[in-house]
Structure formats: C-alpha cells, structure tokens
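Here's a quick briefing to read with the structure open beside you. Take it topic by topic.

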Amino acid sequence: MKQYDVVVIGAGATGAAIAWQLSHYDLKVALVDRCADASFGVSKANSGIVHGGFHHSADSTLKAKLELEGNEMFDALKSELDFEFDRCGILVVAYSEDELPALQKLYERGVGNKVPGIEMCSRERLFELEPKLSDTAVAGFFVPRGGVIEPYGYVFSLVESAELNGVEFWRNFQAAESVHEGVFRTITAADGRKIQARFTVNAAGLYADEVSRICGGEEFEIKPRKGEEYLLDRTSPGRPSKVIFPVPTPCSKGMLVIPTAGGTTMIGPSATMIGDKTENSTTQAEREIIFEHSQKMIKGISERDLVAAFSGLRPVLPGNEDFFIARSEKAADLIQAAGIQSPGLTASPAIGVYVKNILQKCGLEMKEKNSPRKILPPKNRARELSDEEIDKLHADEKLASRIICRCEFISEAEIVAAVHRGHVTLDGVKFRTRAGMGRCQGGFCAPKIMQIISRESGIPMEQLTKRGPGSELLAGKLGDLEVK
Amino acid sequence: MKKIICITCPTGCEMDVEYADGKITVSGNRCPRGASYAESEMKDPRRTVTAVIRSGSGKFQPVRTDRPLPRNLINGLLNSILKKSFPEFEPPGPPVHCGWLRS
Amino acid sequence: MKNISCDVAVIGAGGAGLSAAAAAAAAGAKTIVIDREESCGGVLCQCIHNGFGLRYFNEELTGPEYALRMEKCAREAGADIMLGETVSKVIRRSDNTFEATLFSGANGVTRLNARSFVFATGCRERTRANIAVPGDRSAGVYTAGSAQKLMNLSGMLPGKRAVIVGSGDIGLIMARRCRWSGIDVAAVVEILPEPSGLPRNIAQCLRDFDIPLLLSHRCARIIGRDRVEAVEIENMKTGERFNFQCDTVLFSVGLIPENELLKSMGIVMNTATGGPCVDASLQCAAGVFAAGNSLHVHDLVDFASLEARRAGKCAAEYASSGTLPVASVEVSCSKTLKYAVPNRCIPGTSGEFFFRPTVSCARAVLRAMTGNREIARKLCISVRPAEMLTMKLEIPAGINNVGFELEECK
C-alpha cells in the first residue's frame, strides 16, 4: 500500500492549491479526487473571478483575509504556471438611486479592508471606464486589482506542476472508508484502492461532509447552491472590458457580466439552493432571468451569441458564513478546508499557504526541497503565439502548426500535450486546451479530438468518455448492432 | 388509391397511384421517371443502399449498390457487410467503384 | 516561412470551392484551392448517401462520388489543391492584393498571395446551445453532422437509441443512417408545423422505417446526469409534455454560414442570409468573392456548385483586369421571400437569382419588378421554405432597382 505524509482529498482549486504548496517541501503527498480529472467538481463551473476584497469584512472573516492575500499571489503564480489570467479590474455598478446606500456601504467596506486602488466613480467616470454599460447605470466603484482567470486552466496547472514536483494524483478515487491506526490513516476508495497517510486534508468541496464523517471529524452538512452560467461567443458585442458586478444581495454577489480570461463573455450565475449534489442541469426559467438581468447591465448582450450553457454547485456550509479551515477537534490528523465557496478561487493560493502552516503546527516537518523546482513546459497556445513563433515550433514539432479546433484555434500539439499530462476525457482536453469550447461546440473537432485521445492514450474509441465512467461517448463500432 | 412521394429526384413529386387488376395509373408526377418509380414501388419496392465498409487498413470506405435493391434484402446485405473487413478493398481516395458489391 | 502566390485563391474545397476553382482555372487564372481537411469534398465526404449530382452532372451520385468528380474537374482545369491547410486570416495589402496565412502540419506557416479570393467556407451546424435546450449536460448529445462524421468516417456508433431533433435533411438522412446501422430511432421532432427537409427524404428516410415525425413538438429538456437517458418533448399546441427514453440526441436544427474570416476583414453580413452582401459577380468587396453555403445555405450542393462557377469566373476576371462591371441595380424582395441573392446586379446583363420563400403553397408566381413595372415572371410549383427558388433574368439597361415578389396563386 502506498504511504504518504499527506493526502489531500479533492482536486478542485482548494485541494490543488494545497497540494501544489506542499510540493515545495520534502514530503510525500497524494492528491485524490472522486472524478476523472481535476477541477471536475465545483471548480469547473466557477465564474473565474479574482475578487477584489470588498465583499467581506476583513476584521472578522477568514474569507476577506485570504481573499486579499490570494488576489496578490496570482501574478507570481501565473508567471510560473502559465494559466489564463487577466487583471482587468472590477466595476460594481448601481443601476438605480435605491441601490446607492448599499453601494456606499460596500465601497466603505473595501476602503476599510484596504483594497488597493479602490475608486468611487461618478457616472461619467463609469462610462469612461466601461462604455458598454447600459444607460441606466448611475454610479459605481472600480477595483483595479480584480480580474478574471480560467478556473480549470488554473487548477490543471497547479495539479500538473504539483505532479511534476512529486505529488501523486489519483483520479476516480472516491474516498469511501477510513481507519486511523497508529500514525497512519488508511483511506479506501469506492473501487477498493487504498492509500495511507499521516495527515489528511479535507478539501472535498460538495462532499466535505462525507469525508469529515468517514474520517471521524466534525459533523456538518454541505448544501449545494446551484448557479447557472451562459457563455457567449468571443465575437459578442456585449463583451465588457471589466468584470461588471451589480450591487449584491444578501445571499449572492449577484449576476455578473464577465469578460472571461479565455476571450469569451459569460453571464450569470444564478443562485438556487437545491438538494442534490449531482444536479447540474440548466433551466429555461433561469436562462431568461440571467439574460434579462445582464441585458440591463451591458449593451449588446444577445441570445444569438449563446455558445454554451452550464451550471455549477457552490458548497455551502449552512450556519457558517466563513470558510471552515482548521485542524479538526475530533480527529487530530484531519485538516478541514470546507465550505469553500466564493471567494474560494481567489483565496485558494492563500488557503494553500494557510493549510501548510496548520500542518506545520500539527508537527509535520516542512523542509524545503534541495533539488531545483521543476517548471512545466510552456503551453504554446497557437491562439496566443505569433505566426513566426508557430513556424519556429513547427521545425521541431509538426503538430504545433496543425489546427484541430478552428473556433478557438487550438493545435494538435496542444491536444497531444494535454493527453500526455493525463487528461484523457473529452472534457479534460477541452478544459486543458479550450478545444471544443467555441462556437461550434465541438461539432467539427470532437470526432478528431476523440481520435487523438485514443491514439495517444491507447484507450479504444468506444471506451472514451465525456467526463469519466458512465459518460461514455460512443456505443460501439459499426457492425456491433444487428440491423433490423 | 395510394399517395406516394417520388424519391428519384429532389423535386419529390407527390403522386396518386391507383393499382387495380394489375394495371397502374399514376398522377401528380412531373416526369416519366415518377411513373416508373410508382410502378416499381407498388410491385417491387427497391432502394439504392449506401454504407461504409472496413477496408484492410482499418479505414472506412463508402460504398453503394450498383442498382436499387429489393427492400426486403437490405437488412441482410447490411448485416453481412458491416461485420466483415474487406482487406482487398483499398482505393486511393474516398469512393467507390459502383457495382463492387455485386458479388 | 514559405511564400506562394497565385491569381485566384479559393478557401474551401467542397462542392462550391472546387467548382469555383475549376471555373477560375478554366478562365486562365493560376488558381489554388485551400482546405483544412486532408481530402477534398468538405462535408460531402461524410454524406455517403446518394441524391447528389442530378442537376450538375446529370447523374445521381453519392457525396464522395460527387466530391471526386468535382475534384477531377478542378484538377483538369489546372487548379492546384492544398489540403490540410487552415487559413487563420486574410488581409488586403496596400497594393490591393491579398495575403492569407495558412497553417498545416506538413508545411508549418505559409503566406499565400493572391489577386483575388473566393470564400467557399461552408457552414456549421446550429448546436443545442444555439436553440437553448435546457437540462443536463450529458454525453450522447451530438449535432447530426458530427454523428454522421463519427459513423461514416470513423465507423463508430454514437448510441443505441436516438431521438432526432429537427427535420432538416441532415437529420432525416441520419435517421435512416441510424436504422441502417442497427440504431433505433424513437422519433424525429420538429418545432414547426411542417417538416424542413425534402419530401423525398421524409419518404425514404422516415416512412420506409416507420419512424414517427412529430410536427409542432420541441425538445424541452435533456435528461441524464452522465449519458443521455431521456428527452422531454413538448407539444407546442397543447403544452403537453412527455419523455422519450433514449441514449442519444441528434440535433439537426439548421446551419449557420461560417464567415468568421470575412467578418475579420470588416465585411458586413446580410442578416437574412448570414452571408455577405454580394453583387452579380458574387463579389462582396473589390477582389473578394463568396460562394456556396457560406454565402447562403443551399438546399442542394448542385446549386452551390453552379453558383460558385460565377464566383470563380469573376474572380479570374478581376485578377487579370483589376475591375469588374459596376453593379448599380439594388435588389430587394417582398415579405414572402426571406432573401434574394445577389443583392446588386448589373443593368443590361443577364443575371441569375436565388431565393428562399418564407411561405408554403402549391403554386405561386414569382415576379421581378422595377418600380411598378413587371419585367419578368415565373410560375413556381410546390413552394416550401426548405427549397430554394431560382430565376434567370435579363436586366434592362437604365434601371436602378429590381424588386422580387412571390404571390400565391389562389
């Protein structure tokens, strides 16, 4: 059985950032996830905002502290990990006089939290910053250090870098049972695989309650709150230059208009408490509401430009407004990182450090690795490279100039690299490369991508999945069924 | 009287076909091909069958029958070719030698 | 980085592009056709069914056969064909020639210089998202064309029991293709009160197999957390909802002309066609021509090929002379016509026009008017939105507008 110093359960933004942080030390670390790939749970449908630090009070909450710290860490992370990130700034906009008191209060909280560069804006200044705002905008404030990030790209980069530096990533590992004996806890997966670790970090998102329970930790229940998001074509005239927030409501930061880091426009999310942690559907009713709201915020948003619709679940820890990040009081080897909803993605780099410090306090020796850190190879995104750069790459790698996804301009080399990094599902390749994420939604390239995955991974076509077991893409080969 | 749609060309004439005492009367067709299609459809309905077959290299090649086939033979034909591989059939480009499946 | 040059460059080696290239080369232009796929034919390669070619070749052919014939025409006329090359951009240079940038595995990045360009870039299928079908994001949801590609080019089965959404020709053809591969087809559902595909495809692809066609029904939701388990169907007239159990949903809900390259050149699209506005030479800007499904969605490839000849011929003429006759006659159409192509024509010449009706009727008269004066008329039989109408017209000298009207014969 494999033995580790630390096992991190959950390879979303939180778990990945923790594992990545730990990969700097002389430790044996495992990262496990119930899904077929990293970020396939809560993180894949994240809005991808690097928040500005004004939503929560820094005096009283871990959320605001880690949000502000996390925000400042992204520049360094991006330069090492090469994910899509743009500090485009955030505008919070009031669309009626009634909202002005709430806007003022939020602004003052930001000032109190020492948000860098926060600026109250006149109507004139607002339109100078964002000419696409709808005419009903009355006032707002600007947070220049806010931004957007590609959430799955970020998580994948963390995991791949962690793997490169010694962390072992176990896919399709659904922690089902655990026994603590001596210095080790043994965790058994639903499929029977077992691993042992001295410390366990619970970053299991929606399933943090279950993981806490099987580890003998605190009893709590995670409730999913669903958010639907709608993605518009990169040519949409409704793409703003900054993230546009309305004045928030008590339970949600509201529906946003987001110029995504990948170049598209996203509108949403909605916020609906639901009971089922596997519910991921979209509804006509929410779509109509989201379009109506966003059209009131920004000019040029149209259903004509709709490219994709999806939904995600936030892991809400009822009764606890803050993140729950602490050593368990009931199981001494268990570190809880639960209830990580917004601004979890922004906070995640700081959560990584915070959990590392907790582990250190628990007695885990943290010795920095002697060997130099291994750096991921460049992603060589055809969409971002110049023609000359692509031609130069072609001298060594023919596939660098062979374009597979026409809508997002993704080369075969990018897809092959994704498969070689272990992303062998169609969604895994899509999240890693953006292939199939554009206007044709894989109509042209999905069959080609499936062939590339099959060729590079050795998995037969008919066994390929969209996102893991159960989501098989094909039913077999011609001739397998009787013609009747 | 039976209403049928002519499938011989994209115009798709809607035809009324009367079949009594072995004699067929067709109306609604805009060309003679309609009348002969209607007659065949009443007496011995046939279709041209197209499919793909697995060639020697594992690639798939489109094929067609060289003439319309009686409808009741189509499933048998498809079941026999879909399960087989045809190593001897390796044309250079996409199609298809008409009549190749005759044997 | 390689540099190549020619007189006429054609983007897209499908039924339209090859035909345009054949015409351009026949007119004496050094012509290159570029396609991103590794073989000619575009979507024809996966359309293994017969039914093509009656109008162009006077013979009924399958898609691959049509493609091969057309490729032969282009090559015999002297056109060069570059396959596996993706065009990322086309720019107009200061000397009024054009430069395209091409990407391929074989050649890396290539700059292609041409005096004129024909865009025959085809179209893409509308997706589930384009018609905003809510529900789960299950595996097993395909556009009809990508399922067709998986079956006919890779020999794979997309599922075991399908529901087909939309009664366009690709959906109907796929219904039969499914049955001829052992895949059950629960139903074809169409939101409109009448089918959008050709009557002969209703006959040979649905009736032959007793596949139900549910008109005035829509797909209201997809159900299935991992793989499709069912679709919820709504009767548009009664609001009644029910489920079909299935593991596959194929969407055949229309085509969108692919004009991202033209748009990036600043060329304005016609909202009625989704393609560029063109004159009688099928020119949308000096030296820039469009043909085939990227100009407007055709019902038959034969028409796309016939139309593209004109684009190829005019592109060759432009390449050699640098000018074309000025198309000063504005073309408009009545509400019973969705559009007329081209949008401008040349007085004193003969022109050919393509239309899409918005109405269905047994007989209708198509009139060409200038002001209140009728200049031509044509009787049209069994008019349907699914089928294009065409009209050849001698355009009188000295006029500045032509309006087309379609009127039902009572």
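A residue is called buried if 20 or more other C-beta atoms lie within 10 Å of its own, exposed if 12 or fewer, and partly exposed in between, with C-beta atoms placed from the backbone. Helices (H or I, at least four residues) and strands (E, at least two) are DSSP runs, counted from the N terminus. This is a predicted model, where local features need pLDDT of at least 70 and side-chain atom pairs count only at pLDDT 80 or more, while totals for chains, interfaces and linings use all residues. Residues are numbered from 1 along each chain as its sequence is written, and chains are lettered from A, with ligands numbered from 1, in the order in which they are written.

**Helix 2 of chain A**

- Start with helix 2 of chain A, residues 62-81, which has a kink of about 35° centred on Phe74(A); the bend at a residue is the angle between axes fitted to the seven residues ending there and the seven starting there.
- Phe74(A) is also one of the buried residues of this helix, and others include Leu66(A), Leu68(A), Gly70(A), Leu77(A) and Leu81(A).
- Charged side chains turn up on the buried list too, among them Lys63(A), Lys65(A) and Glu67(A).
- The cover over those buried residues includes strand 3 (49-50), strand 4 (85-86), helix 5 (151-164) and helix 8 (344-361) of chain A.

**Domains of chains A and C**

- Domain bounds here come from an automatic or database domain assignment.
- Chain A splits into domain 1 (1-85 + 148-222 + 317-376), domain 2 (90-144 + 226-312) and domain 3 (387-463).
- In chain A, the C-alpha centres of domain 1 and domain 3 are 29 Å apart, and their contact takes 7 residues from domain 1 and 6 residues from domain 3. Two residues are in contact if their C-beta atoms, placed from the backbone, lie within 7 Å.
- On the domain 1 side of that contact in chain A, there are 3 nonpolar, 1 polar and 3 charged residues. Here Ala, Val, Leu, Ile, Met, Phe, Trp, Tyr, Cys and Pro count as nonpolar, Asp, Glu, Lys and Arg as charged, and the others, Gly among them, as polar.
- Chain C is assigned domain 1 (1-124 + 255-323), domain 2 (127-253) and domain 3 (325-410).
- In chain C, 31 Å separate the C-alpha centres of domain 1 and domain 2; 5 residues from domain 1 and 6 residues from domain 2 make the contact.
- The domain 1 side of this chain C contact has 3 nonpolar, 2 polar and no charged residues.

**Where the chains meet**

- Between chain A and chain C, 51 residues of chain A are in contact with 42 residues of chain C.
- Helix 7 (284-297), strand 18 (306-316), helix 9 (387-396), helix 12 (446-457) and strand 23 (476-477) of chain A each supply at least two residues of the chain A side.
- That side is made up of 20 nonpolar, 15 polar and 16 charged residues.
- Strand 23 of chain A runs antiparallel to strand 11 (residues 156-157) of chain C, joined by 2 bridges; two strands pair if DSSP finds at least two bridges between them.
- Within this pairing, Gly476(A) has Leu157(C) as its bridge partner.
- As for chain B, 6 of its residues are in contact with 5 residues of chain A, and helix 2 (residues 71-82) of chain B gives the largest share of the chain B side, 4 residues.

**Chain B on its own**

- Chain B has 2 helices and 8 strands, running β-β-β-α-β-β-β-β-α-β from the N terminus on.
- Of the 103 residues in chain B, 31% are buried.

**Strands in chain C**

- An open, parallel sheet of 5 strands in chain C has the order 10-18-12-13-14.
- Strand 10 (141-143) and strand 14 (213-215) of chain C are at the edges with a single partner strand each, so one side of each has no neighbour in the sheet.
- Strand 10 pairs with strand 18 (residues 248-251) of chain C over 3 bridges, and Tyr142(C) stands opposite Leu250(C).
- Elsewhere in chain C, strand 26 (residues 361-370) and strand 27 (residues 373-383) run antiparallel, joined by 9 bridges.
- Arg367(C) stands opposite Arg377(C) in strand 27 of chain C.
- This hairpin has 2 residues between the strands, and Gly371(C) takes a positive phi near 60° there.
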